[in-house]
Amino acid sequence: MIGVRSVALVTLGCVRNEVDSEELAGRLAAAGWRLEDDPAAADVAVVNTCGFVEQAKKDSVDVLLDVAELRDDEASRTQAVVAVGCMSERYGKDLAEELPEVDAVLGFDSYADLSSHLDGILHGARPESHVPRDRRTLLPVSPAKRQAAARSGAVSLPGLGELSDASLAKVPESGPPVVRARLGSAPWAPLKLASGCDRRCSFCAIPAFRGSFVSRPPADVLTEARWLAEQGVKEVFLVSENSTSYGKDLGDLRALESLLPQLAAVDGLERVRVSYLQPAEVRPGLLEAIAGTPGVTPYFDLSFQHSAPALLRRMRRFGGTDEFLALLDRVRALAPEAGVRSNVIVGFPGETEDDVDELQRFLEAARLDVVGVFGYSDEDGTEAARLDGKLDEDVVAERVDRVSRLVEALVDERAAQRVGSRDTVLVEEHDEGAAVGRTGFQGPDVDGTTRLELADGAPLPPVGALVPVEVTGSEGVDLVARPR
């Protein structure tokens with residue numbers, strides 16, 4: 001090869017994948033690769049796939065095929081296409097056989113040596129395709145024994161970098177190394193708390209291909225938060241498969257409560273946000289820390305999934321309408337204007353019309369800001385795929401439509417209730433001459449946005465500015481606000 005090798009990373013799926021891509025970008029940049037935004041401008045296009053649900057898998061395949069076509073475009077530099085990420089980890093060799101257009105399908109264990117793999121591909125090598133396995137078997141069953149095994153480097157934990165000694169009580173000024181390169185310039189960034197999940201929800205395949213739960217040492221989280229602040233990031237979004245489990249393998253179930261004030265004190269950071277809380281694991285101390293720590297936004301991403309108690313048991317989950325509403329009452333007693341979002345699944349095997357009615361009763365009473373509605377589909381290797389009581393596809397589709405229409409009306413109503421409230425908007429972009437961003441009760445990417453109404457002649461606040469506002473209107477789930 002002549003000149004500097006170049007690579008573009010295309011990221012699909014959730015914000016956790018975005019962190020993984022930025023870790024890969026950091027490793028590749030350190031190995032001398034030039035990072036390109038456009039796959040057509042790069043020697044190698046690496047597609048970080050999503051394997052969560054059927055539609056995400058279809059989208060990943062479509063993108064891989066589209067990128068593969070660049071090799072035949074005379075205006076494109078692309079010579080190779082490589083699949084990584086969750087779908088590659090989950091299906092490995094089977095995916096490679098179905099997509100001969102892709103030069104390699106690599107799993108998580110290839111991440112640390114990705115540069116060598118890409119170099120070999122450019123020189124004509126064809127790496128062995130990843131062979132999937134249940135990643136829960138790679139770490140000790142006992143959470144207390146996982147940290148030492150994870151730090152040994154024998155198991156790849158995407159997005160966590162090189163784990164430091166978890167016993168460090170304080171972070172040295174130098175800190176552990178940051179293995180990451182930013183792939184964008186947004187004033188917010190996801191930051192990984194942990195990898196994997198120990199829950200056994202019957203519909204979910206994630207633990208099998210992401211592995212058992214491993215907390216990232218607080219030293220590593222804080223060091224990366226400082227690094228992100230130095231890159232101009234104003235808000236960090238703490239992500240994991242289950243943030244409420246943070247610290248259980250560190251011997252401290254209150255580790256997140258202790259970590260949040262330290263993160264909020266990082267110079268340059270204005271806002272800390274926590275994602276993906278399991279309702280059954282939420283502790284009063286964690287609620288208080290999120291609701292009451294200055295610099296931590298009172299935002300609660302609660303994974304309800306449904307509210308009919310019997311159906312939740314079939315999902316291998318806990319709670320129900322009354323328990324969930326009581327939890328929301330506790331949240332709002334601590335932070336009346338807190339933002340709350342969730343996801344629900346309809347059409348799960350055995351779901352009755354009474355169950356749907358119960359879910360609708362919960363949604364009508366919950367006053368959630370955002371709700372994602374998903375129709376159930378069988379996922380390979382899950383317990384739910386073997387359950388009886390499967391519903392016809394048209395029944396699932398009808399229930400998705402029914403609940404989605406209810407949710408649309410409810411979140412629009414909730415947005416309208418925000419009119420007159422005061423908050424602070426983080427400006428994220430300039431769109432057709434307007435400044436657009438998010439309040440503290442609006443999470444990134446999947447929640448609504450807020451457009452600023454400026455006085456005539458007033459300059460646009462720059463991207464990254466935090467602007468105190470009063471909400472003056474709503475447009476569906478989105479808001480309009482004026483600076484105050």
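## Helix 7 and helix 8

The axes of helix 7 (residues 218–230) and helix 8 (residues 255–264) approach within 10 Å and cross at roughly 20 degrees. Helix 7 is therefore roughly parallel to helix 8, an angle under 35 degrees being the criterion for that description. The crossing of the two helices is right-handed. These values come from a predicted model.

On the side of helix 7, the contact is formed by P218, V221, L222 and A225, while helix 8 contributes L259, Q262 and L263. Classified by side chain, the contact of helix 7 with helix 8 comprises 6 nonpolar residues, 1 polar residue and no charged residues.

## Helix 11 and helix 12

Helix 11 (321–334) and helix 12 (residues 353–366) form another packed pair. Their axes come within 10 Å and cross at roughly 10 degrees, and helix 11 and helix 12 are therefore roughly parallel to each other.

Helix 11 takes part in the contact through T321, D322, F324, L325, L328 and R332, and helix 12 through E358, R361, F362, A365 and A366. The contact of helix 11 with helix 12 contains 6 nonpolar, 1 polar and 4 charged residues.

## Helix 12 and helix 13

Helix 12 also packs with helix 13 (residues 393–417), at an angle of about 10 degrees and with the axes 10 Å apart. Helix 12 and helix 13 are therefore roughly parallel to each other, and helix 12 passes helix 13 in a right-handed crossing.

In this contact, E353, V356, L359, Q360, L363 and E364 of helix 12 meet R399, R402, V403, L406, V407 and L410 of helix 13. By class, the residues of the contact of helix 12 with helix 13 are 7 nonpolar, 1 polar and 4 charged.

Helix 9 (residues 284–292) has G285, L286, L287, A289, I290 and A291 as buried residues.

## Tyr299 in strand 11

Y299 lies in strand 11 (residues 299–301). With a relative accessible area of 1%, Y299 is buried, since the cut-off for that class is under 20%.

Beyond its neighbours within four places in sequence, Y299 contacts F237, R273, V274, I290, G339, R341, G440, F441, Q442, G443 and D447. I290, one of these partners, is also among the buried residues of helix 9. A434 stands 135 residues from Y299 along the chain, and the C-alpha atoms of the two are separated by 25 Å.

## Cysteines

C14 counts as partly exposed, at 29% relative accessibility.

For C201, the closest cysteine sulfur is that of C204, at 6.1 Å, and this separation is likewise too far for a bond. C201 is buried, its relative accessible area being 11%.

Notes. Residues numbered from 1 in each chain as written. Predicted model: local features only at pLDDT ≥ 70, side-chain atom pairs only at ≥ 80, totals over all residues. Heavy atoms only, no water. Axes fitted to C-alpha atoms, helices over the stretch in contact; angles between N-to-C directions. Helix = DSSP H or I, 4+ residues; strand = E, 2+ residues; numbered from the N terminus. Parallel < 35°, antiparallel > 145°, perpendicular 65-115°, else oblique. Left-handed = near helix turned anticlockwise from the far one by under 90°. Contact = heavy atoms within 4.5 Å. Nonpolar A, V, L, I, M, F, W, Y, C, P; charged D, E, K, R; others polar. Buried < 20%, exposed > 50% of the residue type's maximum accessible area, 1.4 Å probe, protein only. Disulfide = S-S within 2.5 Å.
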